[in-house]
Amino acid sequence: MPPTPETKAPLLCEARKHQRVPVYQCPVPAGFPSPAEDYLDRPLDFNELLIAHPAATFAVRVSGESMIGLGIFPGDIAVIDRALTAQNGSVILAVLEGAFTIKILRRKGERVWLEAANPAYKPVEINEASQFEIWGVVRHAIRMLGA
Amino acid sequence: MSTPIALVDCNNFYASCERVFDPRLRGKPIVVLSNNDGCVIARSNEAKALGIAMGEPWHLCKERIKTRELIVRSSNYTLYGDMSARVMEVLSHFTPLLEVYSIDEAFLGLAGFENRLEGHTQSLRAKTQQWTGIPVSVGIGPTKTLAKVANRTAKKTPACNGLCILMEQEAQTKALAAIELEDIWGIARRTAEKLKALGIRDPLQLRQSDPKVIRRSFGVVLERLVLELRGIPCHGLELAPPPKQSICVSRSFGRPVTTLSELSEALSAYIERAAEKLRRNGLAAGYVTVFLHTNRFRPEEPQYSPSAGLALPVATADTASLLRSGNEILRVLYKPGFRYKKAGIILLDLIPQAETQGALWGSPDTPERQSLLSAIDTINRRHGRRTVQFAASGVQRGWQMRSDQKSPNYTTSWSALIAAG
């Protein structure tokens with residue numbers, strides 16, 4: 001093995017227990033190259049799947065049962081994309097009367113409702129007196145299934 | 001026509017960040033306090049309307065403003081830093097020439113957009129607001145100085161709709177006529193007084209004055225300012241941040257600190273943080289300065305504000321070496337009998353870690369130490385600050401800053417997400 005720079009330094013007197021051996025990926029011309037070499041790919045990146053617009057993506061913890069019909073349960077993490085424009089039927093994160101809520105947006109002409117995905121919750125119609133704002137569109141719900 | 005430069009500035013940035021995640025704050029007066037809850041450093045428009053001044057000490061403001069509506073927050077730089085990065089990312093969609101000027105301001109080169117400045121910038125404003133929830137104002141001029149003037153005009157004039165374009169001389173004259181010398185970027189009150197004494201009373205007179213004469217009395221900086229006011233660019237966009245010359249970490253304590261052991265704990269925590277910054281930038285430090293302050297706003301208490309530095313034999317980014325040197329200096333500086341308010345560390349003589357050279361009495365950080373430290377940095381990045389720390393910086397940390405009203409780290413901590421029913 002060629003001398004490492006350390007062994008050349010005359011003043012170095014630290015005792016070394018381990019010597020590192022560099023591992024080369026593939027520059028060795030002898031032997032057979034790995035047949036997988038040309039097919040290597042990056043591992044799956046979940047950010048790619050979940051985040052279309054990093055600057056506009058936020059995470060929210062789901063706390064109520066109003067959306068269980070769509071498979072969004074308490075404790076889930078909702079991934080919100082503010083870059084998307086809410087359409088009729090979009091699942092949205094809204095601010096209603098000062099509180100965050102996840103609901104389905106329904107529009108018919110001039111009228112707007114927030115609809116739950118749970119028969120126990122009645123739709124809420126938004127009127128001019130409502131303090132209402134669409135915060136973002138819910139793109140995903142992530143659930144931990146436990147060990 | 002010269003190349004337009006835009007200054008994009010987030011409106012009441014810290015207050016706006018707080019509002020995005022707490023809808024109850026909409027329409028209410030909000031103030032954000034400095035480190036240690038000392039004074040007001042950000043105000044929503046409603047708080048400005050209550051007459052709360054920038055920099056006002058919080059304990060006075062609390063006495064004076066009696067409305068129950070007033071909402072107060074300790075500064076949450078983790079949140080503001082994340083939101084700032086998001087805003088800058090959106091701005092970068094609108095130009096390849098982006099200079100991040102501060103946490104809430106950026107200069108944008110808008111060459112090529114001369115014929116559709118208004119449309120381009122209004123869509124920039126709308127997109128930033130939609131994607132991040134942060135409202136921004138935009139000022140455009142042929143120079144950075146005029147872009148700053150334009151931005152101020154955009155903020156102060158509701159009719160501007162958040163955008164003011166000062167590409168024509170006529171518009172520039174009108175905007176400059178409406179402001180004071182002190183309102184111009186780079187003119188301190190003392191400079192303004194000196195200018196007034198020479199008969200230059202307002203921005204228009206300053207623009208008309210002879211740059212050569214200004215240079216003789218005030219130096220080249222003010223000469224350039226006169227040229228910039230005339231629309232001649234003297235300050236280009238700085239697209240790559242200049243290399244760091246020094247790294248400073250200093251904080252006020254939550255309460256006065258009197259003992260050497262507590263001072264040493266606090267200083268060690270700052271050194272740890274500074275060393276981490278050093279490594280993040282791939283640098284090593286050759287010189288360490290330590291300073292201490294008593295509370296100068298308590299003139300009745302004995303005052304002592306020493307500082308001292310130490311040249312290291314070999315530049316290092318190793319927390320342990322820096323802790324040793326920093327604490328050595330501290331032991332020299334420390335005198336009992338004072339109530340210390342603040343301590344800090346400054347790392348100087350910064351050079352790239354790869355270029356450090358050994359000396360007769362020391363060798364550069366070994367690869368083993370470097371990988372140990374980078375492992376610590378990785379753990380702390382992934383699992384939160386101080387998951388792994390040096391024992392020197394203490395566990396109880398009674399000296400730590402007050403931040404009693406801090407909002408959760410909504411965007412950077414899984415345990416602090418907003419909840420939605």
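## Charge and model basis

Let's start with charge: chain B carries 55 positive and 40 negative side chains, and the centres of the two sets are 3 Å apart. Here Lys and Arg are the positive residues and Asp and Glu the negative ones, with His and the chain ends not counted; each charge is placed at NZ of Lys, CZ of Arg, CG of Asp or CD of Glu.

Please keep in mind that this is a predicted model, in which local features need pLDDT of at least 70 and side-chain atom pairs pLDDT 80 or more, while totals for chains, interfaces and linings use all residues. Residues are numbered from 1 along each chain as its sequence is written, chains are lettered from A in the order in which they are written, and side-chain values use heavy atoms, without hydrogens and water.

## Overall fold of chain B

Chain B contains 14 helices and 14 strands, taken as DSSP runs (H or I, at least four residues; E, at least two). Its C-alpha atoms fill a box of roughly 65 × 60 × 50 Å along the principal axes.

Among the 421 residues of chain B, 48% are buried, meaning under 20% relative accessible area with a 1.4 Å probe, protein chains only. Of the contacts (heavy atoms within 4.5 Å) with a separation of 6 or more in chain B, 67% join residues 24 or more positions apart.

## Meeting chain A

The contact involves 26 residues of chain B and 32 residues of chain A. About 2300 Å² is buried between the two chains, with 56% from carbon and sulfur atoms; this is the accessible area (1.4 Å probe) lost on putting the two parts together, summed over both. B:Trp131, B:Ala420 and B:Gly421 give 27% of the area that chain B buries against chain A, more than any other three residues.

Note on methods:
Buried < 20%, exposed > 50% of the residue type's maximum accessible area, 1.4 Å probe, protein only.
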